[in-house]
Amino acid sequence: MTAAERGSSRAAQRGPGGRAEAAVTMRVVVAPDSFKGGLSAAEACAAVAEGVRRAAPRAEVVAVPMADGGEGTLDCFLRARAGAPVEVAATDPLGRPVEARYALSGDGRSAVVELAAASGLPLVEDVPPDPMNAATTGTGELIADAVRRGARDVLVCIGGSASTDGGSGLLRALGVRFLDAAGEELPPGGAALARLASIDGSGVPDAVRATRFRVACDVSNPLVGPDGAAAVFGPQKGASPGQVAELDAALTVFADVLAAAGGARVHDLPGAGAAGGTCGGLVGALGAEPAGGALLVAEAVGLPSALAGADLVVTGEGRVDGQSAAGKVVSVVAALARDRGVPCVALAGSVAGPLDELHALGLTAAFSLADGPRSLDELKADAAPLLAAVAEQAVRLLTR
């Protein structure tokens, strides 16, 4: 029986005064992203749950805070998987000591690592940009620690990288050696890859080889070329036009040697250029699986299983518009709900059409929190009560 059929059956069961007994038995899954500047995903869940219970006091509400692979992902994973943050002494993009954290699930089998925690651009804002030598080594140190603790499913959330090293620093921390023609190990950074002659993976531990790596990647840039990692993202990290050309050439050498060593060809792979080519390095050297951030987060926090038996899914984010269909949380939640025959409602600070693509993906309807003319600051300040009020009205559609 589909969710719609269950709802129809329950609506036929009238209690005193004609109120539908669906208010007693319905199951509502709440899976929003954060409302940037207003509510975290967990706070949004709490507000929606309050509204749901006003309309259906005995409803079962399942909260699954969501994220898109960026800010807030660790906290969502920790809540959903009964995990704990792990603090690690790592190195920043320039090799200086930094304290960084990642998330380990309660059973210790899964981990979420955010590249920005140890290899992010904000970590080097106190010094002049060094795009040629900055590296992702610290992120690899976080991953290595997670694997040592028993994690065999690692989600790497990339974005905000300070480097253009193809993820070579990360791989180096996992036991990969990058050698020049004389067999000498190259120094960290993207520029050094121009002298890369061979890659030695014999030092990679079996535990790392046995680990499933997934990469949350929301850009489609290839590793090299005019739309590649260096050309598009290098200038954001302080690279001059000449340095961009050098880094692109170095990444091309890197990709050539990876492929010659038996890895995947990642030169033109969509998304390989993300985070200075880190996605390409992970795919080429470790067979990592790249996918949209929101989809990977949904899998990591267990949203697909939470949807089993649901009568309604409520999602949301700060703004829902036509661009939300491009892999954002609302579109991913709607598609998962559609595949299970569950109606899906989105609540947002603002809603702007056209929403045809979102409806095609599975979104049933979208509602704005605004209860009248309001400024953005006013909406943010009152986001929780407004979200609860709109959620209540949405659920009442199913309980009458």
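Predicted model: local features only at pLDDT ≥ 70, side-chain atom pairs only at ≥ 80, totals over all residues.
Is Ser168 buried or exposed? Its relative accessible area is 0%, and buried means under 20%, so Ser168 counts as buried. Leaving aside residues up to four places away in sequence, Ser168 touches Thr136, Phe178, Leu193 and Phe254.

Phe254 takes us to our next stop, because Phe254 in helix 10 is also one of the residues that meet helix 11. Helix 10 spans residues 241-260 and helix 11 spans residues 274-286; their axes come within 10 Å and cross at roughly 10°. That angle makes helix 10 roughly parallel to helix 11. From helix 10, Leu251, Phe254 and Leu258 take part, and they meet Gly276, Gly280, Gly281, Gly284 and Ala285 in helix 11. By class, this contact has 4 nonpolar residues, 4 polar ones and no charged ones.

Six strands form an open sheet, in the order 3-4-5-6-9-10, with mixed pairing. Which strands are at the edges? They are strand 3 (84-91) and strand 10 (289-291), each pairing on one side only. From one strand to the next, the twist averages 25°.

Let's look at one pair: strand 9, residues 212-216, runs parallel to strand 10 over 3 bridges. Ala216 has Ala291 in strand 10 as its bridge partner.

Finally, helices lie across this sheet. Helix 11 lies across strands 6, 9 and 10, at about 160° to strand 9. Helix 6 (residues 137-148) lies across strands 3, 4, 5, 6 and 9, running at about 135° to strand 3.

Methods: Residues numbered from 1 in each chain as written. Heavy atoms only, no water. Axes fitted to C-alpha atoms, helices over the stretch in contact; angles between N-to-C directions. Helix = DSSP H or I, 4+ residues; strand = E, 2+ residues; numbered from the N terminus. Parallel < 35°, antiparallel > 145°, perpendicular 65-115°, else oblique. Contact = heavy atoms within 4.5 Å. Nonpolar A, V, L, I, M, F, W, Y, C, P; charged D, E, K, R; others polar. Buried < 20%, exposed > 50% of the residue type's maximum accessible area, 1.4 Å probe, protein only. Pairing = 2+ DSSP bridges.
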